[in-house]
Amino acid sequence: MSTTTTAQVWTIDGQPVPHDIYHGTHDIISNSAKEKFRESRKLYADLYIRKCKPFSDPTPALLLGQWAHLAVWEPDEFAALPTPTTAPLKKAMAEAAALREALLANPCTRQIIEAVGECEHSVRWTDEDTGLPCKCRDDKLLASGQILDLKTTR
């Protein structure tokens, strides 16, 4: 039986947790870690427990998703990214920029994107059933309490 645990906003010195710290903190369980565990317990152990296997480089598809999030939710950070050097990465970056423009061209999605809220809102809690520390990162937490989640797919 699962019990309710109170999540707490994760900040560092009162500021939102930076991307590199959130994604580089592997001793707190994320959905990605949970999926690795489902895929292969050995791979999970090698990555997160034994730390004897390096994480693989992101694919162009994964980078497209990351860049699309930056383009939509944090356009200044997206604009500050270095220009990729390979054709697949250049294409992914252009697609991320085009996605932002397409979403903003629609009045309904523009209103949602521009709504008052906090982008890349990080939360931590301890699962009461397992005792595992957990984390999640909402794409955007609106002032109304609604959570927005942007997904990309091919």
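Is aspartate 46 buried or exposed? Aspartate 46 is buried, with a relative accessible area of 8%. Buried means under 20% relative accessible area, exposed means over 50%, and partly exposed lies in between (1.4 Å probe, protein chains only).

This is a predicted model, in which local features need pLDDT of at least 70, side-chain atom pairs count only at pLDDT 80 or more, and totals for chains, interfaces and linings use all residues. Residues are numbered from 1 along each chain as its sequence is written, and side-chain values use heavy atoms, with hydrogens and water left out.

## Aspartate 46 and the salt bridges

Aspartate 46 lies in helix H3 (residues 41–49). Helices (H or I, at least four residues) and strands (E, at least two) are DSSP runs, numbered from the N terminus. The side chain of aspartate 46 meets that of arginine 50 in a salt bridge, 2.7 Å from N to O. A salt bridge here is a side-chain nitrogen of Lys or Arg within 4 Å of a carboxyl oxygen of Asp or Glu. Arginine 50 is partly exposed, at 48% relative accessible area.

Leaving out residues up to four places away in sequence, aspartate 46 touches Lys51, Cys52 and Lys53. Contact means heavy atoms within 4.5 Å.

The structure holds 8 salt bridges.

| Salt bridge | N to O distance |
|---|---|
| glutamate 35 – arginine 38 | 3.1 Å |
| aspartate 46 – arginine 50 | 2.7 Å |
| arginine 110 – glutamate 114 | 2.8 Å |

Glutamate 35 and arginine 38 both sit in helix H2 (residues 31–39). They are 3 residues apart, about one turn of the helix. Glutamate 35 is partly exposed, at 36% relative accessible area. Arginine 38 is exposed, at 57%. Arginine 110 is partly exposed, at 34%.

## The sheet

How many strands form the open sheet? There are 4, in the order S1-S4-S5-S6, and the pairing is antiparallel. Strand S1 (8–9) and S6 are the edge strands, each pairing on one side only. Two strands pair if DSSP finds at least two bridges between them.

Strand S4 (residues 117–126) and S5 run antiparallel, joined by 9 bridges. Serine 122 has arginine 137 in S5 as its bridge partner. S4 and S5 form a hairpin with 6 residues between them. In its turn, glycine 131 has a positive phi of about 80 degrees.

S5 also runs antiparallel to strand S6 (residues 147–148), with 2 bridges between them. Lysine 140 stands opposite leucine 148 in S6, and leucine 141 stands opposite isoleucine 147. The hairpin of S5 and S6 has 4 residues between the strands. There, glycine 145 takes a positive phi near 100 degrees. Strand S5 (residues 133–142) is mostly covered, with 7 of its 10 residues buried.

## Nonpolar cores

A nonpolar core is a set of buried Ala, Val, Leu, Ile, Met, Phe, Trp, Tyr and Cys residues joined through side-chain atoms within 4.5 Å. The largest has 10 residues, including Leu63, Trp67, Phe78 and Met93. Helix H4 (60–73) and helix H6 (87–105) are the elements that give two or more residues to this core. H4 gives the most, with 6 residues. Alanine 92, one of the core residues, touches Pro60, Leu64 and Trp67, not counting residues up to four places away in sequence. A second, separate core has 8 residues, including Trp73, Ile113, Cys119 and Leu142.

## Positive phi outside glycine

Aspartate 13 is not a glycine, yet has a positive phi of about 55 degrees. Aspartate 13 lies in the loop between strand S2 (11–12) and strand S3 (15–16). Aspartate 13 is exposed, at 76% relative accessible area.

Lysine 51 is another residue other than glycine with a positive phi, near 55 degrees. Lysine 51 lies in the loop between H3 and H4. Lysine 51 is exposed, with a relative accessible area of 56%. Lysine 51 is also one of the residues that aspartate 46 touches.
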